[in-house]
Amino acid sequence: MKITILTLFPEMFDGFMTNSIIKRAIAKDLVEIKIVNIRDYTKDKYGRVDSAPVGGGAGLIMKCQPIIDCLNAVKEDNSHVIMLSPRGATYNQKKAHLLQKSGQNLILLCGHYEGIDERVNDYVDEMISVGDYILTGGEIGAMAIADSIIRLIDGAIAEDSIVEESFEDGLLEYPQYTEPYDYDGKTIPDILYSGNHTAINKWRKKQSLKLTQKYRKDLFDKHELSKEEKKLLSELDEETPKWEKDAIEKGHKFMKKEVK
């Protein structure tokens with residue numbers, strides 16, 4: 001897969017490309033990331049890529065000529081051009097999967113200053129927004145989109161990690177813990193030491209539903225509950241359901257609190 005990012009500030013991507021999952025994916029040849037400086041394509045004799053808005057107004061607008069020439073220079077037959085814009089649909093995990101599976105080489109166009117000349121819109125295939133807030137430019141949004149897509153490529157990270165992450169099934173992820181068992185009086189739920197993976201997965205699903213309902217009701221209301229999920233939700237008012245008690249009792253020998 002190839003991701004080309006068009007920007008006025010290529011240095012912003014130095015850390016992005018040389019750390020963690022992105023760096024490993026590049027090293028494995030799973031993805032090619034190309035950062036292109038829009039300034040290299042300006043024909044302005046002073047090297048400018050922006051100008052005051054026609055008709056008056058605050059700030060500067062990115063000129064169409066450097067952007068369009070830059071796009072024409074990097075586009076390939078299977079390129080899909082995305083402009084970061086508040087007009088676009090809000091980005092989500094479903095869209096990340098669609099872009100990753102598309103088989104297309106992606107071009108991400110980062111705006112800056114007060115906006116981009118309206119005529120550039122005719123040269124892009126799609127607009128995407130990363131949320132209803134204001135950023136200085138599209139660079140941070142481009143990093144977010146690229147990161148979310150790259151981590152879905154086979155071999156970038158462990159497959160199990162992707163399956164269990166927030167938003168993959170439309171819900172928030174369940175709570176996670178590390179040792180020690182007791183820290184400052186706060187303990188890890190005993191079910192996680194039971195050794196009963198069926199019961200653990202059931203508990204995790206219930207917690208995922210609980211957290212989504214509490215923190216992201218918008219997601220919860222859109223989620224189509226299965227028969228099993230409805231039953232798990234009905235147990236939220238119970239102290240500890242029988243299946244959980246049984247799993248804990250049978251797996252008591254694994255409980256860290258009993259280790260001397």
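## Ground rules

Helices here are DSSP runs of H or I with at least four residues, strands are runs of E with at least two, and both are numbered from the N terminus. By that rule, Ser20 is part of helix α2.

What you're looking at is a predicted model, where local features need pLDDT of at least 70 and side-chain atom pairs count only at pLDDT 80 or more, while totals for chains, interfaces and linings use all residues. Residues are numbered from 1 along each chain as its sequence is written, and side-chain values use heavy atoms, leaving out hydrogens and water.

Most residues other than glycine have a negative phi, and most peptide bonds are trans. Ser20 isn't a glycine, yet its phi is positive, at about 55°. Is Ser20 buried, exposed or partly exposed? Buried means under 20% relative accessible area, exposed means over 50%, and partly exposed is in between (1.4 Å probe, protein chains only). Ser20 has 48% relative accessibility, so it counts as partly exposed.

Asp29 also has a positive phi, near 60°. You'll find Asp29 in the loop between α2 and β2 (32-37), and with a relative accessible area of 69% it is exposed. As for the cis peptide bond, look between Glu179 and Pro180, where omega is about 15°. Pro180 sits in the loop between α6 (159-163) and β8 (182-183).

## The nonpolar cores

A nonpolar core is a set of buried Ala, Val, Leu, Ile, Met, Phe, Trp, Tyr and Cys residues joined through side-chain atoms within 4.5 Å. The largest one has 25 residues, and Leu108 and Ile150 touch the most other members. Elements giving two or more residues to this core include β1 (2-7), β5 (79-90) and β6 (105-109). The top contributor is α5, with six residues.

Which residues does Leu108 touch, leaving aside neighbours within four places in sequence? Counting contact as heavy atoms within 4.5 Å, its partners include Ile3, Ile5, Leu84, Ala142 and Ile145. There's also a second, separate core of 19 residues, with Leu8, Cys70, Val81 and Ile107 among them.

Now take α9 (residues 227-234), where Glu229, Leu232 and Leu233 are buried. Looking down its axis, the buried residues fall within an arc of 100°, so they line one face of the helix. (The arc is that of the directions from the helix axis to the C-beta atoms.) They pack against α7 (197-215), α8 (217-222) and α10 (242-250). Lys227, Lys230 and Lys231, on the other side of α9, are exposed.

## Rings that meet

Rings of Phe, Tyr and Trp (its six-membered ring) pair if their centres lie within 6.5 Å; planes under 30 degrees apart count as stacked, over 60 as edge-to-face and the rest as tilted. That gives two aromatic pairs here. Phe13 and Phe16 make an edge-to-face pair, 6.4 Å centre to centre with 80° between the planes. Tyr181 and Tyr193 make a tilted one, at 5.8 Å and 55°, and both of these tyrosines are buried.
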